Amino acid sequence: MKEVEFAIIGSGIAGCSIAYFLKKYTKDILIIDKNVEICGGASKAAGAFLSPLLGKKNDFKTLVSDALSFSTDFYINNFPQFIINNGVLRIPKNEHDAQKFDTYEHDFEYEKKDNGAFFPIGSLVFSQQMAQAMCADVKSLLEYEVTNLEIIDNFWFINNEIKAKNVILATGAKINLVDEAYLKIRPVWGQRIIVKSNLEVQHNYHKSCSISPNIEGLISIGATHHRFVYEKQTSQEDSDKLIELANEILPIGNPEIVDAFGGARSASEDYFPILGKIINSKATLKEFAYIIHGTKVPNERFIRYQNLFIINGVGGRGFVLAPYLADMLCRSIFGELTLNQKIATDRFFLREVRK
């Protein structure tokens, strides 16, 4: 039986990010994924456009802005060959959006340009290449679907074949390995296309879709949004929609489609990520039954599964959020950081039991 210190289930950008930061603490890591390659699912389909979140100041906007700063620096400093930091032109959808722009508090420098606002921090990440580079020296087990996860004598057993001291769930839109009703994911299936074009595009654009720079005659356009859909085939209908939206930004015409990718992003009910050690709701309610009536119990007293963690709910901003969250999760696992309750699992547990 294979035995490891850390097993990461899921090799999308969240799983690869946690693997990268775990390497600071241990080399005994195994990434497990049902796909034939690292980052072969929704993260491969991602456009991986890094762009500021526009809007009035709130906790979620602060999280995204902090993550954008952290992750952009991380990519540029460690894997510059897989990121193009050439800015993004954000174009308002209509006059109302244009008027709202001036009321927002902007966290990044910008300049008004071409009926929009140009943010130099905007970037494009080569999604699969980046994720694979982040965990290139980590052991992996691919084409392996996890169907059973149970703890016996302080160790986690995966399909009764792998023994792990710690397990991190980075499974994206499908999290069915632990029987916890409060862990809910809202899938948003999206399609991205690659088209041939002679159009000179120097930076990213974003309006109702995102357009990448022209790289050797190819442009990436993404992505469609199908809420609450786990599985869907890429389609000509979605491709046509993306080309229609792209033409509202730039005159790309009716280009030849070279490739199409699809996958389900994993969004939480409140759009914040889900991070940290997983609470055992049955054991906690048995110990503190009065929680359901609103009586407060300090979060540190909640009973949690031993050495079982999660990083999920990054939605359509996976390549912005994942490195930032993974760094925090690693530091929390090793006692160097206490996670903010806005992103920890606790908030969903409390909402579920007090319904």
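**Exercise 1. Find which residues of helix α9 are buried, and what they pack against.**

Helix α9, residues 346-353, is mostly covered, since six of its eight residues are buried. Buried here means under 20% relative accessible area, exposed means over 50%, and partly exposed lies in between, with a 1.4 Å probe and protein chains only. Helices (H or I, at least four residues) and strands (E, at least two) are DSSP runs, numbered from the N terminus. The structure is a predicted model, in which local features need pLDDT of at least 70 and side-chain atom pairs count only at pLDDT 80 or more, while totals for chains, interfaces and linings use all residues. Residues are numbered from 1 along each chain as its sequence is written, and side-chain values use heavy atoms, with hydrogens and water left out.

Step 1. The buried residues of α9 are Asp346, Arg347, Phe348, Phe349, Leu350 and Val353.

Step 2. These buried residues pack against β19, α7 (281-287) and β20 (304-312), where contact means heavy atoms within 4.5 Å.

Step 3. Tyrosine 182 is buried, with a relative accessible area of 2%. Leaving aside neighbours within four places in sequence, tyrosine 182 is in contact with residues including Phe348, Phe349 and Glu352.

**Exercise 2. Describe the surroundings of isoleucine 310.**

Step 1. Isoleucine 310 lies in strand β20, and its relative accessible area of 0% makes it buried.

Step 2. Its C-alpha atom is separated by 5.4 Å from that of isoleucine 168, a residue 142 places away along the chain.

Step 3. When neighbours within four places in sequence are left aside, the contacts of isoleucine 310 are Leu169, Ile175, Leu183, Ile274, Leu275, Gly276, Ile278, Leu329 and Thr345.

**Exercise 3. Work out how the buried residues of helix α6 are arranged around its axis.**

Step 1. Helix α6, residues 236-247, has 12 residues and reaches 16 Å from its first C-alpha to its last, close to the 16 Å expected at 1.5 Å a residue; the expected span is 1.5 Å times one less than the number of residues.

Step 2. Asp238, Ser239, Leu242, Ile243, Leu245 and Ala246 are buried in α6. Seen down the axis of α6, these buried residues fall within an arc of 165 degrees, so they line one face of the helix; the arc is that of the directions from the helix axis to the C-beta atoms.

Step 3. An α-helix has 3.6 residues a turn, so residues three or four places apart point the same way.

Step 4. On the other side of α6, Gln236 and Glu237 are exposed, whereas the buried residues pack against β13 (186-196), β15 (210-211), β16 (218-222), β17 (226-227) and β18 (257-267).

**Exercise 4. Locate valine 320 and name its contacts.**

Step 1. Valine 320 is in helix α8, residues 318-333, and is buried, with a relative accessible area of 2%.

Step 2. The C-alpha atoms of valine 320 and leucine 50 are separated by 6.1 Å, while the two residues are 270 residues apart along the chain.

Step 3. Apart from neighbours within four places in sequence, valine 320 is in contact with Leu50, Val64, Ala67, Leu68 and Ser71.

**Exercise 5. Identify the backbone angles of glycine 222 to alanine 223, aspartate 114 and tyrosine 271 that call for attention.**

Step 1. Most residues other than glycine have a negative phi, and most peptide bonds are trans.

Step 2. The peptide bond from glycine 222 to alanine 223 is cis, with omega near -10 degrees, and alanine 223 is in the loop between β16 and β17.

Step 3. Aspartate 114 is not a glycine, yet it has a positive phi of about 50 degrees. Aspartate 114 is in the loop between β6 (111-113) and β7 (116-119), and at 54% relative accessibility it counts as exposed.

Step 4. Tyrosine 271, also not a glycine, has a positive phi of about 75 degrees, and it is found in the loop between β18 and β19 (274-279).
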